[in-house]
Amino acid sequence: MKLYYSSGSCSLASHIALEEAGARFDTHRLNLREGEQRRPEYLKINPKGKVPALQLDDGAVLTENPAIISYVADTHPRSGLLAAPGELARARAQEWMAWCASAIHPSFGPLFGALRTQAPADEAARATVQGHLDRFDQWLAGKPFVLGEQRSAADAYTMVFYNWGRNLFGLRIGDHIKKSVKALLELPGVQRALATQEVKIEV
Ligand SMILES: N[C@@H](CCC(=O)N[C@@H](CS)C(=O)NCC(=O)O)C(=O)O
(Lines give C-alpha, C1' and ligand atoms only; values in the text may rest on other atoms or scores of the structure.)
Protein backbone atom coordinates (compact mmCIF):
# COMPACT_ATOMS: atom_id res chain seq x y z
CA MET A 1 0.00 0.00 0.00
CA LYS A 2 1.03 3.58 -0.49
CA LEU A 3 -0.30 6.59 1.41
CA TYR A 4 -0.33 9.91 -0.41
CA TYR A 5 -0.21 12.61 2.22
CA SER A 6 0.77 16.18 2.90
CA SER A 7 2.61 17.12 6.08
CA GLY A 8 0.24 18.20 8.85
CA SER A 9 -2.87 17.99 6.70
CA CYS A 10 -5.95 15.89 7.48
CA SER A 11 -4.07 12.96 5.93
CA LEU A 12 -2.29 12.71 9.29
CA ALA A 13 -5.45 10.97 10.56
CA SER A 14 -5.12 8.14 8.01
CA HIS A 15 -1.37 8.03 8.59
CA ILE A 16 -1.85 7.55 12.34
CA ALA A 17 -4.39 4.78 11.71
CA LEU A 18 -1.99 2.96 9.36
CA GLU A 19 0.86 3.16 11.86
CA GLU A 20 -1.30 2.19 14.84
CA ALA A 21 -2.63 -0.77 12.85
CA GLY A 22 0.91 -1.96 12.22
CA ALA A 23 0.24 -1.88 8.46
CA ARG A 24 3.03 -2.22 5.93
CA PHE A 25 2.91 0.76 3.62
CA ASP A 26 5.00 3.27 1.71
CA THR A 27 4.43 6.99 1.74
CA HIS A 28 4.47 9.70 -0.87
CA ARG A 29 4.48 13.32 0.30
CA LEU A 30 2.78 16.06 -1.69
CA ASN A 31 3.36 19.76 -1.27
CA LEU A 32 -0.11 21.31 -1.33
CA ARG A 33 1.22 24.87 -1.36
CA GLU A 34 3.02 24.11 -4.59
CA GLY A 35 -0.16 22.58 -6.03
CA GLU A 36 1.25 19.06 -6.42
CA GLN A 37 -2.23 17.69 -5.71
CA ARG A 38 -3.45 19.23 -8.98
CA ARG A 39 -0.67 17.83 -11.18
CA PRO A 40 -1.80 15.34 -13.84
CA GLU A 41 0.27 12.50 -12.37
CA TYR A 42 -1.51 12.85 -9.00
CA LEU A 43 -4.95 13.41 -10.53
CA LYS A 44 -4.51 9.98 -12.12
CA ILE A 45 -4.26 8.59 -8.57
CA ASN A 46 -6.97 10.78 -7.03
CA PRO A 47 -9.04 12.82 -9.49
CA LYS A 48 -10.41 14.84 -6.54
CA GLY A 49 -6.98 16.43 -6.15
CA LYS A 50 -6.97 15.92 -2.37
CA VAL A 51 -5.01 14.00 0.23
CA PRO A 52 -5.18 11.44 1.71
CA ALA A 53 -5.31 8.73 -0.93
CA LEU A 54 -4.40 5.15 -0.15
CA GLN A 55 -3.28 3.06 -3.10
CA LEU A 56 -3.76 -0.61 -2.40
CA ASP A 57 -1.40 -3.33 -3.62
CA ASP A 58 -3.73 -4.22 -6.51
CA GLY A 59 -3.73 -0.58 -7.68
CA ALA A 60 -7.20 0.34 -6.35
CA VAL A 61 -7.30 3.74 -4.69
CA LEU A 62 -9.28 4.61 -1.59
CA THR A 63 -9.95 8.20 -0.57
CA GLU A 64 -11.73 9.99 2.32
CA ASN A 65 -10.26 9.66 5.79
CA PRO A 66 -13.15 7.76 7.45
CA ALA A 67 -13.16 5.17 4.65
CA ILE A 68 -9.39 4.74 4.72
CA ILE A 69 -9.28 4.50 8.51
CA SER A 70 -12.15 1.97 8.58
CA TYR A 71 -10.54 -0.11 5.84
CA VAL A 72 -7.20 -0.14 7.64
CA ALA A 73 -8.90 -1.08 10.91
CA ASP A 74 -10.93 -3.87 9.31
CA THR A 75 -7.95 -5.33 7.48
CA HIS A 76 -5.88 -5.27 10.69
CA PRO A 77 -8.40 -6.59 13.21
CA ARG A 78 -5.77 -7.38 15.84
CA SER A 79 -5.01 -3.67 16.10
CA GLY A 80 -8.29 -3.18 17.97
CA LEU A 81 -8.94 0.07 16.12
CA LEU A 82 -12.58 -0.80 15.38
CA ALA A 83 -14.99 -3.13 17.18
CA ALA A 84 -16.82 -5.86 15.26
CA PRO A 85 -19.86 -5.05 13.09
CA GLY A 86 -22.98 -4.72 15.22
CA GLU A 87 -21.13 -3.51 18.32
CA LEU A 88 -22.06 -0.07 19.59
CA ALA A 89 -18.38 0.87 19.99
CA ARG A 90 -17.96 0.51 16.23
CA ALA A 91 -20.92 2.78 15.52
CA ARG A 92 -19.61 5.31 18.08
CA ALA A 93 -16.22 5.42 16.35
CA GLN A 94 -17.90 5.88 12.98
CA GLU A 95 -20.21 8.53 14.42
CA TRP A 96 -17.16 10.41 15.69
CA MET A 97 -15.23 10.13 12.41
CA ALA A 98 -18.28 11.28 10.45
CA TRP A 99 -18.54 14.36 12.68
CA CYS A 100 -14.82 15.07 12.26
CA ALA A 101 -14.97 14.71 8.47
CA SER A 102 -18.30 16.37 7.75
CA ALA A 103 -18.46 19.15 10.34
CA ILE A 104 -15.17 19.92 12.10
CA HIS A 105 -12.83 19.61 9.13
CA PRO A 106 -14.93 21.78 6.75
CA SER A 107 -15.37 24.41 9.47
CA PHE A 108 -11.62 25.09 9.27
CA GLY A 109 -12.01 25.92 5.54
CA PRO A 110 -12.60 29.68 5.96
CA LEU A 111 -9.67 29.91 8.39
CA PHE A 112 -7.32 28.23 5.90
CA GLY A 113 -8.69 30.51 3.18
CA ALA A 114 -7.85 33.57 5.27
CA LEU A 115 -4.40 32.17 6.06
CA ARG A 116 -3.67 31.73 2.35
CA THR A 117 -4.67 35.30 1.48
CA GLN A 118 -3.22 36.71 4.73
CA ALA A 119 -6.63 38.28 5.43
CA PRO A 120 -8.01 38.32 8.97
CA ALA A 121 -10.21 35.29 9.61
CA ASP A 122 -13.91 35.97 9.94
CA GLU A 123 -14.84 35.97 13.65
CA ALA A 124 -18.00 33.93 13.04
CA ALA A 125 -15.93 31.25 11.28
CA ARG A 126 -13.48 31.17 14.19
CA ALA A 127 -16.36 30.89 16.64
CA THR A 128 -17.79 27.92 14.74
CA VAL A 129 -14.49 26.03 14.92
CA GLN A 130 -14.06 27.02 18.56
CA GLY A 131 -17.52 25.60 19.30
CA HIS A 132 -16.53 22.28 17.74
CA LEU A 133 -13.27 22.18 19.71
CA ASP A 134 -15.13 22.92 22.94
CA ARG A 135 -17.61 20.12 22.24
CA PHE A 136 -14.69 17.80 21.41
CA ASP A 137 -13.11 18.75 24.73
CA GLN A 138 -16.30 18.16 26.74
CA TRP A 139 -16.69 14.68 25.26
CA LEU A 140 -13.17 13.78 26.39
CA ALA A 141 -13.88 14.72 30.04
CA GLY A 142 -12.78 11.88 32.33
CA LYS A 143 -11.27 9.70 29.63
CA PRO A 144 -8.00 9.73 27.69
CA PHE A 145 -9.49 8.60 24.40
CA VAL A 146 -12.69 9.22 22.45
CA LEU A 147 -14.17 5.81 23.30
CA GLY A 148 -12.81 5.66 26.83
CA GLU A 149 -9.70 3.95 28.16
CA GLN A 150 -8.64 2.32 24.87
CA ARG A 151 -7.45 4.16 21.80
CA SER A 152 -9.43 3.44 18.65
CA ALA A 153 -9.96 4.61 15.08
CA ALA A 154 -11.93 7.51 16.54
CA ASP A 155 -8.72 9.06 17.91
CA ALA A 156 -7.08 9.43 14.52
CA TYR A 157 -8.29 13.02 14.01
CA THR A 158 -7.42 14.46 17.44
CA MET A 159 -3.84 15.35 16.57
CA VAL A 160 -4.93 17.03 13.32
CA PHE A 161 -7.40 19.39 14.96
CA TYR A 162 -5.15 20.03 17.95
CA ASN A 163 -2.31 21.04 15.64
CA TRP A 164 -4.49 23.23 13.43
CA GLY A 165 -6.41 24.79 16.30
CA ARG A 166 -3.44 25.52 18.54
CA ASN A 167 -0.52 26.02 16.20
CA LEU A 168 -2.08 27.48 13.06
CA PHE A 169 -5.02 29.46 14.38
CA GLY A 170 -4.37 30.15 18.07
CA LEU A 171 -7.71 28.73 19.20
CA ARG A 172 -8.48 27.70 22.77
CA ILE A 173 -7.69 24.06 23.48
CA GLY A 174 -9.37 22.56 26.52
CA ASP A 175 -7.57 20.51 29.17
CA HIS A 176 -9.30 17.26 28.18
CA ILE A 177 -8.05 17.53 24.61
CA LYS A 178 -4.56 18.29 25.93
CA LYS A 179 -4.68 15.18 28.14
CA SER A 180 -5.80 13.09 25.18
CA VAL A 181 -3.01 14.50 23.00
CA LYS A 182 -0.50 13.62 25.73
CA ALA A 183 -1.85 10.05 25.83
CA LEU A 184 -1.73 9.80 22.04
CA LEU A 185 1.87 11.03 22.00
CA GLU A 186 2.80 7.95 24.04
CA LEU A 187 1.67 5.63 21.23
CA PRO A 188 4.47 4.36 18.97
CA GLY A 189 2.29 4.54 15.85
CA VAL A 190 1.40 8.15 16.51
CA GLN A 191 5.08 8.95 17.09
CA ARG A 192 6.06 7.31 13.79
CA ALA A 193 3.39 9.16 11.79
CA LEU A 194 4.42 12.51 13.29
CA ALA A 195 8.10 11.78 12.66
CA THR A 196 7.52 10.82 9.02
CA GLN A 197 5.38 13.90 8.45
CA GLU A 198 7.91 16.06 10.38
CA VAL A 199 5.12 17.51 12.51
CA LYS A 200 6.16 18.70 15.98
CA ILE A 201 3.46 18.58 18.64
CA GLU A 202 3.88 20.22 22.02
CA VAL A 203 1.31 20.14 24.78
N1 LIG B 1 -13.21 14.73 2.66
C2 LIG B 1 -11.79 14.52 2.50
C3 LIG B 1 -11.10 15.87 2.60
C4 LIG B 1 -9.72 15.84 2.02
C5 LIG B 1 -9.11 17.24 2.03
O6 LIG B 1 -9.81 18.25 2.01
N7 LIG B 1 -7.79 17.28 2.02
C8 LIG B 1 -7.09 18.55 1.97
C9 LIG B 1 -5.96 18.58 2.98
S10 LIG B 1 -6.56 18.63 4.65
C11 LIG B 1 -6.50 18.75 0.59
O12 LIG B 1 -6.04 17.81 -0.01
N13 LIG B 1 -6.49 19.98 0.09
C14 LIG B 1 -5.90 20.29 -1.17
C15 LIG B 1 -6.75 21.17 -2.02
O16 LIG B 1 -7.94 21.35 -1.69
O17 LIG B 1 -6.24 21.65 -3.01
C18 LIG B 1 -11.27 13.55 3.56
O19 LIG B 1 -11.86 13.48 4.64
O20 LIG B 1 -10.32 12.79 3.31
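Author: Glu-19 counts as buried because its relative accessibility is 12%, where buried means under 20% relative accessible area, exposed over 50% and partly exposed in between, computed with a 1.4 Å probe on protein chains only. The model is a predicted one, in which local features need pLDDT of at least 70 and side-chain atom pairs count only at pLDDT 80 or more, while totals for chains, interfaces and linings use all residues. Residues are numbered from 1 along each chain as its sequence is written, and side-chain values use heavy atoms, with hydrogens and water left out.

Glu-19 sits in helix 1, which spans residues 11-21; helices (H or I, at least four residues) and strands (E, at least two) are DSSP runs numbered from the N terminus. Once neighbours within four places in sequence are set aside, Glu-19 is in contact with Phe-25, Gly-189, Arg-192 and Ala-193, contact meaning heavy atoms within 4.5 Å.

Leu-18, for its part, touches Met-1, Leu-3, Ala-23, Phe-25, Leu-54 and Val-72, again without counting residues up to four places away in sequence. Leu-18 is also among the residues with the most contacts inside the largest nonpolar core, which has 57 residues, and others of that group include Leu-54, Phe-108 and Phe-136. Such a core is a set of buried Ala, Val, Leu, Ile, Met, Phe, Trp, Tyr and Cys residues joined through side-chain atoms within 4.5 Å. Among the elements that each supply at least two residues of this core are strand 1 (2-5), helix 1, helix 8 and helix 9. Apart from this core lies another, of six residues, with Tyr-4, Leu-30, Tyr-42 and Ala-53 among them.

Helix 8, one of those contributors, runs through residues 175-185, and within it Ile-177, Ser-180, Val-181, Ala-183 and Leu-184 are buried. Seen down the axis of helix 8, these buried residues fall within an arc of 160 degrees, so they line one face of the helix; the arc is that of the directions from the helix axis to the C-beta atoms. On the other side of helix 8, Asp-175, Lys-179 and Lys-182 are exposed. The cover over the buried residues of helix 8 includes helix 6 (123-139), helix 7 (158-168) and helix 9 (188-197).
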